Every structure is written in structure tokens, then in C-alpha cells.
Amino acid sequence: MNLGRYVGVVALVIAIYISWQIRQLILLVFTAIVLATAVNQLVKKFQKSKLSRPWSVGVSVSVLLLFLLLFFLLIVPPFLVQFEKLIALLPTSFTEIEELLEKIIRFLPQQPWLNFRELEKILIQIQPNLNLFFNQSIGLFFSSINTLLQLFLVLVLTLMLLINPTPYRQLFKRLFPAFYRPRVEEILDRCEIALGSWTVGILIEMIFIAALSGIGLWILRVPLALAHAVIAGLLNVIPNVGPTLSVVLPMAIALLDAPWKAIAVLILYIIIQQIESYWLTPTIMAKQVSLLPAITLIAQLIFASLFGALGLLIALPLTIVVGTCLELVLFEDILDKWQKTS
């Protein structure tokens, strides 16, 4: 191995080490790329109507901002009202729980479980936990500020990539040897197509889940059916985990109204997820992006363990990009051309 190859290997090792150290930043950049690719589908629609790229970006961003504004105006105020009602009902719930515990204790043998000294010991043991909870609350506050800053960074990067993506694309291509740059261009095109197809497919699924959830909750007369439906649609972006999280809040609110409603809500969401898993996803994603369920789950576990909550959120698009790159580079460029030498 000559000096040039040694230098190349060392440079590759250093690049991998640096990439690992700044993996959270790289993940934020990738999130911006995913968002830019999704919004770019709308930008292309406006460009077909003879609008320039900057104007198309401006109109697309304005449409999205208008949608977000309508979402907050229609969903957030009634949601806050319902949340206040939920908080107001908490004392009543605690009273009912206390009465239930008293009834249970009456049926138990007449031996007290604990005396006042034991209660004092328990309170002493709880004190450090209260201090820990206070410290964690402060940490959560600063973590929320950090999350907002990261969100702002992602939005700024998304706008930059949308307005003029060509220079960034050319810069990325220059990281590869000259002979391989045309292939990199092809790989980037395939990744963009795959992400765009996934965006279309996931939007169709979100609308479907939101519509079915809203209709079902409206029939069951669960309060804030529209808000729960929108949340169910949005959380459908996270496979496996999102549908589970989306059922918690409507079940809790339905439980305050009538216990049978909570069970009915659970059954409703199970039916919707079965329809989505066995009919909608195979029908929609077969024409868009095909991912095996086991691979999706494994990817979620891997990216969540490596990158945390953000890794779980974008596990699916990240898997699509990684899968596309593996198919083109590892299989087509290396393994498929690997011939046995005599």
C-alpha cells in the first residue's frame, strides 16, 4: 500500500470519527433535507405554472404557514379548554380513587399496614425524590429551549436548501472522486425520488387516518374529535409508536365521560390501524416506497438508540435514504459486479 492509500485510509477514519462526534448536527441537517424535499414537491407544482423558483418557494411556504395558522386557530383553543376541564376534574377523580381505596381497606383484615412512624420514614425517603424532580424540571426547561433553537436551525436550513439547492448539491458531489461524481448525481436523484414518493404516501395515510379517526370519534361523541383526529394523523408519521401514543389522550378524555367510551375508542383505533396496516399501507406504499415491517421496526430501534427522539421521528426517511444508497452502491456497484477470479 503506497503513501496515498495510507493517507486516504487515515482521512476516512478521521472523517468517520468527526461525523460521529457531530452526529446530532448531521441529523438536524438531514431533517432539513427531508423537509426541503417534502416542500419541494409543492414548489415543483407552482413552477409548472410558470412561476420562478423564488416565487414558488414563497408561495409554498405561505400556504404551509396558512395551514399551520388554521390548525392552531381551529385545534389549539378548544384543546386548551378541554385540558382545563380535565385539570378541573382531577380533584374529583382523586376523591373517587380515595373512596375506592377506603372501601378496599374495609374488606381487608383489621391490621393496619403502617403506623405514623412508618409514614414519617416514607416522607423522609420521598424528600430526595422531590428534590430530584425539581432538578429534572429545571433540566427539562433548558432542554425545551435547546429544542426550540434546534427547530429554528432546521427551519432556516430548510429555507436555504429550498431557495437554491444546486450549490449545496455540487458541494456534496465534490467530496467524491471525479470519476464517481456522475454516479453520485444519479444516487442523489434516486434518493430525492424515494423521499418524494414517501412524502406523498405518508400524506395520503395521514389524511386517511385523520378522517377515519375524526368520523369514529364524532360518532362516539368524544369531545374534541377534530383535535384527536389531527393528532392521530400527525403521529402516524412515526410507525408503530405513533398510533399507540395517539390513542392515549382520546381514551383519557372519553374515560371522564363514560368508561365504556374509553373501551370503544380503543377498539376504534385498533380497527383503524388494522385497516391501515393490511390494506392502506400495502396499497399506497407499494406504488411509492416499499419497506418490510421488520426492517422498519429494527431501523426505529437503531436510530432511536443512536440519536434519541429525533432519530425515532425521522427513522423512516433515514431508512429510505440508507436503503437506496446501499442498493445502488453496495449491491449494484460492488456485489453485482464482483466476479470470481480463477
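Predicted model: local features only at pLDDT ≥ 70, side-chain atom pairs only at ≥ 80, totals over all residues.
Trainee: OK, and what share of the residues is buried?

Mentor: Buried residues make up 27% of the 342 residues in the protein chain, where buried means under 20% relative accessible area, exposed over 50% and partly exposed in between (1.4 Å probe, protein chains only). The accessible surface of the chain comes to about 23,600 Å², of which 74% belongs to carbon and sulfur atoms; such areas come from the Shrake-Rupley method with a 1.4 Å probe, and for residues only the protein chains shown count as cover.

Trainee: Where do α6 and α13 meet, and at what angle do they cross?

Mentor: The axes of helix α6 (residues 181–220) and helix α13 (residues 315–335) come within 10 Å and cross at roughly 145°. Those axes are lines fitted to C-alpha atoms, for helices over the stretch in contact, and angles run from 0 to 180 degrees between N-to-C directions.

Trainee: Which residues make that contact?

Mentor: With contact meaning heavy atoms within 4.5 Å, the α6 side includes R183, I187 and W198, and the α13 side includes L316, I320, L328 and E332.

Trainee: I see R183 and E332 there; how far apart are their closest N and O atoms?

Mentor: They are 3.0 Å apart, and the pair forms a salt bridge, which is a side-chain nitrogen of Lys or Arg within 4 Å of a carboxyl oxygen of Asp or Glu. This pair links distant parts of the chain, since E332 in helix α13 and R183 in helix α6 are 149 residues apart. R183 is buried at a relative accessible area of 14%, whereas E332 is partly exposed at 28%.

Trainee: How many salt bridges are there in the whole structure?

Mentor: A search of the whole structure finds 8. In one of them the side chains of R169 and E185 meet at 3.1 Å, N to O; R169 lies in helix α5 (residues 166–173) and E185 in helix α6, so the pair ties together parts that are 16 residues apart in sequence.

Trainee: Which other residue pairs with R169?

Mentor: D189 does, in a salt bridge of 2.3 Å, N to O. D189 lies in helix α6 and R169 in helix α5, so this pair joins parts 20 residues apart in sequence. R169 counts as partly exposed at 22% relative accessibility, and D189 is partly exposed at 31%.

Trainee: Changing topic, which residues make the nonpolar surface patch?

Mentor: The patch of about 830 Å² includes V10, I14, Y17, I26 and L153, and α1 (3–21) and α2 (23–47) each supply at least two of its residues. Patches are made of residues with over 30% relative accessible area and no salt bridge, with like charges joined within 9 Å and nonpolar side chains (Val, Leu, Ile, Met, Phe, Trp, Tyr) within 5 Å.

Definitions and conventions. Residues numbered from 1 in each chain as written. Heavy atoms only, no water. Helix = DSSP H or I, 4+ residues; strand = E, 2+ residues; numbered from the N terminus.
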